[in-house]
Amino acid sequence: MTFEFIDSHCHLDFSPFSENEAYYLQKAQKKGVSKFIVPSVNQFNWTNVASLSQRHESIYYALGIHPLFISNDHQSEVASLTQFVIERRDKCVAIGECGLDFWDPECNKEAQIYVFQKQCFLAKQYELPLIIHSRKSHDVVLKILREMKLSKGGVIHGFSGSLQQAEQFMSLGFLIGVGGIISYERAKKTKDVISQIPLSKILLETDAPDMPLSGFQGEINSPDRVLNIFECLCLLRNESKKTIANAVYRNANDLFGI
Ligand SMILES: [Zn+2]
C-alpha cells in the first residue's frame, strides 16, 4: 500500500539539494512525498526559499531567523523580516524556523529571546503558524508562548523532551515534529513520548540534509526518508498504518493550510 506524505521540515535550498533540486524532488515523489515545507534560517536565504516555491508546485516556505543564525545587527534583521513577511506570497505558510537554542552556555540568550519574541508577534499579527527550534530551552519557549497567546499555534520541530513538556506545547496549540531521532535505539525516552501523544498532534519531518537516520549515519539525509520515519513511527503506535499515514498527512495540511 502506498500513502501520500508531507516533509514538514526540509532545507531544500541547501547543498546538495540546491544543485540538483529536480533529482531529489523526484526521488521523494516516487515514494509518495508530495509536498515539502522549506523553512529559512536568516536574511540570506529568504529570497532563495521563496523562489524555490515559485519554481516547484510542491514546495512551500517559511520566513524566519534561526536562533543559531542571528546576525550582530539583529534589530535591523528583524525589521527586514517584517518587511519580507508583509510582502510575502501565498506560498509562505509559516514563520520559522525560529526559537531558542541554549546548547552553548556562552550563547547570547538575550538576543535570541528578543528575536524569537519578535517572530512570535509577527506570527500573531499575520496569523501564521510558527516552526520552532528549541534545544535546552523548552521551559523558556513555553513561557514566551504562554504570554503570546498565539492564534495559529505551530510545530515544535525535531522534538525531544518529556511527555509533560509535549503536553504543555500541545495545550498551547502546538504539534510535535517527529524526525529521524525515533530511528535510534538509544532514543528510548523520545520514542516513549511519541508513542503516547495523540496522533492528531504529530507531524513528520526529515530536517534534511541534517539529522541522518539510524543506519544512514554519515550520509546526506533527504526528504524521501520521511517514509523511513513513518515506518519507525508505526512501530511505536497501535493504530493501523493507514490511519497513521492519513492523520500525519492531514495534520500538516491543516497546520499550514496547504
Ligand atoms: Zn531545520
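Phenylalanine 159 and phenylalanine 169 are both buried, a term that here means under 20% relative accessible area, whereas exposed means over 50% and partly exposed lies in between (1.4 Å probe, protein chains only). The model is predicted, so local features need pLDDT of at least 70 and side-chain atom pairs count only at pLDDT 80 or more, while totals for chains, interfaces and linings use all residues. Residues are numbered from 1 along each chain as its sequence is written, and side-chain values use heavy atoms, with hydrogens and water left out.

The structure contains 7 aromatic pairs. Rings of Phe, Tyr and Trp (its six-membered ring) pair if their centres lie within 6.5 Å; planes under 30 degrees apart count as stacked, over 60 as edge-to-face and the rest as tilted. Tyrosine 23 and tyrosine 24 make an edge-to-face pair, with 4.9 Å from centre to centre and 80 degrees between the planes. Tyrosine 23 is partly exposed, at 42% relative accessibility, and tyrosine 24 is buried, at 16% relative accessible area.

Phenylalanine 159 and phenylalanine 169 also form an edge-to-face pair, at 6.4 Å centre to centre and with 85 degrees between the planes. Phenylalanine 159 lies in the loop between strand S6 (154-156) and helix H6 (163-171), and phenylalanine 169 lies in helix H6, so their pairing ties together parts that are 10 residues apart in sequence. Helices (H or I, at least four residues) and strands (E, at least two) are DSSP runs, numbered from the N terminus. Elsewhere, Phe3, Phe5 and Phe230 make up one aromatic cluster.

Aromatic rings also meet charged side chains. A charge sits over a ring if NZ of Lys or CZ of Arg is within 6 Å of the ring centre and within 35 degrees of the ring normal. The charged end of lysine 91 is placed in this way over the ring of tyrosine 60, 5.2 Å from its centre, and that of lysine 109 over the ring of phenylalanine 102, 4.7 Å from its centre.

The backbone deserves attention as well. Serine 15 and proline 16 are joined by a cis peptide bond with omega of about 5 degrees; proline 16 belongs to the loop between strand S1 (5-7) and helix H1 (21-30). The bond from glycine 96 to glutamate 97 is cis too, with omega near 10 degrees, and glutamate 97 is in strand S4 (residues 92-101).

Glutamate 127, although not a glycine, has a positive phi of about 50 degrees. Glutamate 127 is in the loop between helix H4 (109-125) and strand S5 (130-135) and is exposed, with 52% relative accessible area.
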